[in-house]
Amino acid sequence: MTRKKRRLVLIGSALTVLALAVALALTALKDAIVFFNSPTDVAEKHIATGSRIRLGGLVKEGSVERGDNLQVRFEVTDGKNSIRVAYQGLLPDLFREGQGVVTEGTLDGGMFKADSVLAKHDEKYMPKEVADALKKQGHWKEDGGKSAATEPQGRTQ
């Protein structure tokens, strides 16, 4: 075999190994790449109890119940399905009924036990994924002909 053929075989082998590694990584991460699941996604996917996920949607009107020791229970809805959420801790200042929220935690039977709650940070901005899920469910409200998901207003850190 000449040097040129050996070099081509080596490059071809390296590209094959790289392609295989990328394919394996993408296959392993296909469910973890999702930024959040809507309540309908959770119901349709039959996510196992104890699975760690992000749950996103709107805080259902009239569902917020505050208890002792900073305990809060509320429902996250996408208009089609709702999931009851239990959280203990300080909520973001902008957390309120009817607003977009993303919670992170685990499913425990019919209850979602959140260990973090994120609320949208101003009146106009909403993560694109939340807006897309709301549009899909028919609960998206247009604001002056422009969607809030495409025009984030100056995010502050």
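I take contact to mean heavy atoms within 4.5 Å. I also keep in mind that this is a predicted model.

**Entry: Asp78**

I started with Asp78, which sits in the loop between β3 and β4. Which residues does Asp78 touch, leaving out those up to four places away in sequence? I found Ser38, Pro39, Thr40, Gln137 and His139.

Next I checked the charge. Asp78 is buried but has no salt bridge. Lys80 has the nearest side chain of opposite charge, and that is 7.5 Å away.

I then looked for polar partners. The side chain of Ser38 makes a polar contact with the side chain of Asp78, at 3.3 Å. A polar atom of the Asp78 side chain also lies 2.9 Å from the backbone nitrogen of Asn81.

**Entry: the strands around that loop**

How do β3 and β4 pair, parallel or antiparallel? They run antiparallel, with seven bridges.

On to β6, residues 111–119, which pairs with β4 in the parallel sense over four bridges. Here I noted Val85, whose bridge partner in β6 is Phe112.

**Entry: aromatic rings**

How many aromatic pairs does a search of the whole structure find? I got one. The pair is Phe74 with Phe95, arranged edge-to-face, with 4.9 Å between centres and 65 degrees between the planes. Phe74 belongs to strand β3 and Phe95 to the loop between β4 and β5, so the pair ties together parts 21 residues apart in sequence.

Most residues other than glycine have a negative phi. I therefore wrote down two residues that go the other way.

His46 has a positive phi, near 50 degrees. I located His46 in the loop between α2 (39–45) and β1 (52–59). His46 is exposed, with 67% relative accessible area.

Asn69 has a positive phi as well, near 55 degrees. Asn69 lies in the loop between β2 (65–66) and β3. With a relative accessible area of 61%, Asn69 counts as exposed.

Conventions: Residues are numbered from 1 along each chain as its sequence is written. This is a predicted model: local features need pLDDT of at least 70, side-chain atom pairs count only at pLDDT 80 or more; totals for chains, interfaces and linings use all residues. Side-chain values use heavy atoms; hydrogens and water are left out. Rings of Phe, Tyr and Trp (its six-membered ring) pair if their centres lie within 6.5 Å; planes under 30 degrees apart count as stacked, over 60 as edge-to-face and the rest as tilted. Helices (H or I, at least four residues) and strands (E, at least two) are DSSP runs, numbered from the N terminus. Two strands pair if DSSP finds at least two bridges between them. Buried means under 20% relative accessible area, exposed over 50%, partly exposed in between (1.4 Å probe, protein chains only). Lys and Arg count as positive and Asp and Glu as negative; His and the chain ends are not counted. A salt bridge is a side-chain nitrogen of Lys or Arg within 4 Å of a carboxyl oxygen of Asp or Glu. A polar contact is a pair of N or O atoms within 3.5 Å; within protein, one must be able to donate a hydrogen and the other to accept it, and residues adjacent in sequence count only if both atoms are side-chain atoms.
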